[in-house]
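Here are my notes on the salt bridges, as numbered points. Please read them with the structure open.

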Amino acid sequence: EERLESLICRVGEKSNSSLESNLEGLAGVLEADLPNYKSKILRILCTVARLLPEKLTVYTTLVGLLNARNYNFGGEFVEAMIRQLKECLKVNMYNEAVHLVRFLSDLVNCHVIAAPSMVAMFENFVSVTQEEDVPQVRCDWYMFAFLSSLPWVGKELYEKKDAEIDRLLSQTESYLKRRQKIHVPMLQVWTADKPHPQEEYLDCLWSQIQKLKKDRWQERHILRPYLAFDSILCEALQHNLPPFTPPPHTEDSVYPMPRVIFRMFDYTDDPEGPVMPGSHSVERFVIEENLHCIIKSHWKERKTCAAQLLSYPGNNKIPLNYHIVELAQATEMLYMRLDTMNTTCVDRFINWFSHHLSNFQFRWSWEDWSDCLTQDLEKPKPKFVREVLEKCMRLSYHQRIIDIVPTSFSVLSPANPVCIYKYGDESNRSLPGYTVALCLTIAIKNKASNDEIFSILKDVPNPNQDDDDDEGFTFNPLKIEVFVQTLLHLAAKSFSHSFSALAKFHEVFKTLAESDEGKLHVLRVVYEVWKNHPQMIAVLVDKMIRTQIVDCAAVANWIFSSELAHDFTRFYIWEILHSTIRKMNKHVLKIQKELEETKARLARQHKRRDSDDDDDDDDRSSDREDGPLEEQIERLQEKVESAQSEQKNLFLVIFQRFIMLLTEHLVRCETGGIDVFTPWYKSCIERLQQIFLQHHQIIQQYMVTLENLLFTAELDHHILAVFQQFCALQA
C-alpha cells in the first residue's frame with residue numbers, strides 16, 4: 001500500500017522521464033494491481049483528488065487512462081468520488097468539495113464522464129440560487145463551484161451543450177446582480193481602489209469567466225497532459241454521473257465566508273521577463289488558485305513550500321520568481337499604501353517585516369522612509385516604523401536597534417526597556433507606602449514567607465476608607481501598589497525571575513486581587529512599572545491569566561481604561577487582548593472536550609453491559625458503576641455552562657467598551673464640528689472589525705444577545721455598520 005501511495009503521490013514531480021511516459025507507466029502498474037488492491041487504489045486516488053488540487057489534471061489523465069483500460073474501474077471511481085463529495089458537503093468541508101467538483105468536471109476532458117451529465121449537475125448547483133430562506137453564502141458556494149470549474153471544462157461543455165451553458169450563465173448573472181454585498185468593506189485590505197480595485201471574489205471570477213467566453217473558452221495556462229493521449233481516451237466509454245441533488249441547508253451547515261481578491265502588482269511592476277496576466281484574465285484566476293493551494297498544503301514546511309512555489313508548472317510563462325523574490329519592492333509598495341491599509345493587515349506587515357529584518361542583520365535603507373518623520377506620530381507611516389522597531393527589539397536588544405537606525409529616527413525608536421520603580425528614589429520618601437516598600441524589599445531578599453509579607457502589608461493604610469476591616473484585605477490600592485511595584489522591581493532581571501516571583505507569592509497576589517477592582521489595579525501597577533517594556537507587560541499579563549491572579553474580563557476592562565488611553569492604538573495592546581480571548585476560548589473547548597469524553601465513556605460502559613449476555617448483576621450494581629461517571633458529567637456540565645457564561649461576558653465587556661469609546665468620539669466630533677475620521681477612529685473601528693473576524697466562530701454563538709443588548713437600532717450608524725457587515729458574512 002505504501003508503494004502505491006508513493007507512486008501515485010509523486011507522479012507529476014520532477015523526473016528524468018516525461019510526464020506522459022510516467023503516467024502511462026503508472027497506469028500500467030495500477031492496472032496490474034487492480035485485482036488485489038482495487039479498494040486501496042480507489043481510496044488513494046479519491047484522496048489526492050481532494051487534497052492535491054495543484055496536480056488535478058495529472059490525476060484526471062491517470063484516471064482517464066485507467067478507465068480506457070478498465071471501464072468498470074472508471075465507473076467505480078466516479079461513484080466513489082460522488083460519495084466523497086456528498087460526505088464533504090455533509091461535514092462542511094466545502095473547500096475540499098470544490099476540488100472534487102473541479103476534478104469531476106476535468107474528467108469530461110478525459111472522456112471518463114459524459115458532458116450532458118456534468119451539465120445536469122451544474123444545473124442542480126445553479127438551481128440552489130432559487131431556494132427560499134437559505135443563507136446567501138450557500139448560494140455563493142454552489143455558484144463558485146460551478147464558475148470555478150469552467151476554466152478547466154468550459155470549452156468542452158460549450159461545444160456539446162452551448163444552449164444549456166448560456167442559460168446557466170444567464171441565471172448566474174441575474175443572481176450576481178441581486179446579491180447583497182454589505183460585507184465587502186470589512187474584508188478589503190485597502191480602503192482606496194487605486195491603484196487596484198478591491199473586488200469581491202464572485203464579481204471578479206464572473207468578470208474572468210465572461211472574458212474567457214469572449215475568448216472562445218481558450219485558456220493558456222492549465223497543464224493538460226490528457227491531450228497527448230487523445231487517441232486512446234477518445235475510444236473509451238464514458239460514464240453518466242449519478243443524479244446529484246445538493247444536500248438541503250440545515251442549522252449545522254457552515255459555508256465558506258466571502259472574500260475580497262488581494263491585488264498588489266500589475267504588469268507594469270515587472271518591466272522585464274514574461275508579462276503578468278491581467279486581473280480579469282482567467283489565467284490570473286487559475287494561477288492564484290494553484291499558488292493558494294500550494295501555500296495551503298505546505299505552509300508548515302517553509303522550505304518545501306518555497307520549493308513547490310518556485311517549481312510551479314508553467315512558471316516560465318509568468319513573472320513568478322520576480323514577485324516571490326522581489327521583497328524590497330513589495331515592502332516599498334506596502335509602505336507607500338499604508339495610509340489606506342486595514343489595521344489587521346498592518347499588523348501582519350509589521351510581524352513579517354520585523355522577522356525579515358532579523359534574518360538580514362536588521363539592514364534597511366531607513367532614510368528612504370524619512371517622509372514619516374514629518375507626519376503626526378499617530379499617522380500610519382510613523383506608527384508602522386515605530387512598531388517595526390519595537391518588534392525588532394524583541395528579536396534583538398535595545399542598543400542594537402538604536403545603533404542601526406539613523407539618529408533622525410530617534411523619535412520613533414523604542415524606549416529603553418527599564419523597570420520604573422517609584423519607591424527606589426529617595427526624593428519620593430514622602431510617598432505613601434515608601435517605608436513599607438523598603439521593609440518588603442528587605443523581607444523578599446531574605447526569602448520571606450507569604451505570611452511574613454501579609455504581616456508587613458497589614459500596616460498599609462487604605463486610602464479608600466477610614467477604617468480597614470478586621471482581616472485587612474478588602475480592596476486596598478496602596479497595598480497592591482507597594483507589593484506589586486516592589487516585587488516586580490526585585491524580579492526585573494528577566495522573564496524567568498518575574499515568573500518565579502509570581503509563583504512564589506501567588507497566595508499574596510490572589511488575596512490582594514480577590515475583588516474585580518483588585519485585579520484591575522494589579523494590571524494598572526504592572527503597566528506603571530513596565531510601560532517602557534511592552535513585551536514584559538504582555539508576558540506578565542499572560543502568566544497572570546494562566547495562574548488565575550487576574551481573569552480575562554479584568555484584562556479587557558484594563559485595556560479600555562483611561563490609564564491605557566495613551567497606548568490604546570499600540571500593537572502590543574491588541575496582541576494582549578487577542579491572546580486573552582484565545583485563552584478563554586481554549587478553556588471552554590478543554591472543558592467541553594472533557595465532558596464529551598466522559599459521556600463517551602459512560603456510553604461505552606452501557607454498551608459493554610448490554611452486550612454482556614452472561615451478566616447476572618442486578619440493577620444496583622449497574623447504578624454503582626454508573627454513579628461516579630454520572631456525577632462527573634453533572635459537574636462538568638456545570639463547569640461548561642460557567643465557562644461559556646464567562647466567555648459570553650468577556651465579549652460583552654469588549655463590545656460594550658468599544659461602543660462607549662467610539663460613541664464618545666463621535667459625539668465629541670459632532671459637537672466640536674471636527675472630522676470624525678481621525679487616525680484614532682480608523683484604528684479603533686478596524687480593531688472592532690478585527691475582533692469580529694478573528695473570533696467569528698465563537699461570536700456567532702452569541703449573535704442574538706449582542707443584537708438585543710448592544711448592537712441595537714439606536715446605535716450610531718458608524719458603529720452599527722460594523723455589526724451589520726459581520727452579520728452579512730454568514731447571511
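**Salt bridges in the predicted model**

1. Glu 123 and Arg 167 form a salt bridge, with the closest N and O atoms 3.1 Å apart. Glu 123 sits in helix 6 (residues 115-127) and Arg 167 in helix 8 (residues 150-178), so this pair ties together parts that are 44 residues apart in sequence. Keep in mind that this is a predicted model.

2. How accessible are the two partners? Glu 123 is partly exposed, at a relative accessible area of 27%. Arg 167 is partly exposed as well, at 45%.

3. Lys 583 and Asp 542 meet through their side chains in a salt bridge, at 2.5 Å from N to O. This pair links distant parts of the chain. Lys 583 belongs to helix 27 (residues 571-611), Asp 542 to helix 25 (residues 534-546), and the two are 41 residues apart. Is Lys 583 buried or exposed? Lys 583 has 17% relative accessibility and therefore counts as buried, the cut-off being under 20%.

4. A salt bridge also joins the side chains of Lys 682 and Glu 686, at 3.1 Å from N to O. Both residues lie in helix 29 (residues 679-694). They are 4 residues apart, about one turn of the helix. Glu 686 is buried, with a relative accessible area of 6%.

5. Side chains of opposite charge can pair when their charged atoms come close.

Methods: Residues are numbered from 1 along each chain as its sequence is written. This is a predicted model: local features need pLDDT of at least 70, side-chain atom pairs count only at pLDDT 80 or more; totals for chains, interfaces and linings use all residues. Side-chain values use heavy atoms; hydrogens and water are left out. A salt bridge is a side-chain nitrogen of Lys or Arg within 4 Å of a carboxyl oxygen of Asp or Glu. Buried means under 20% relative accessible area, exposed over 50%, partly exposed in between (1.4 Å probe, protein chains only).
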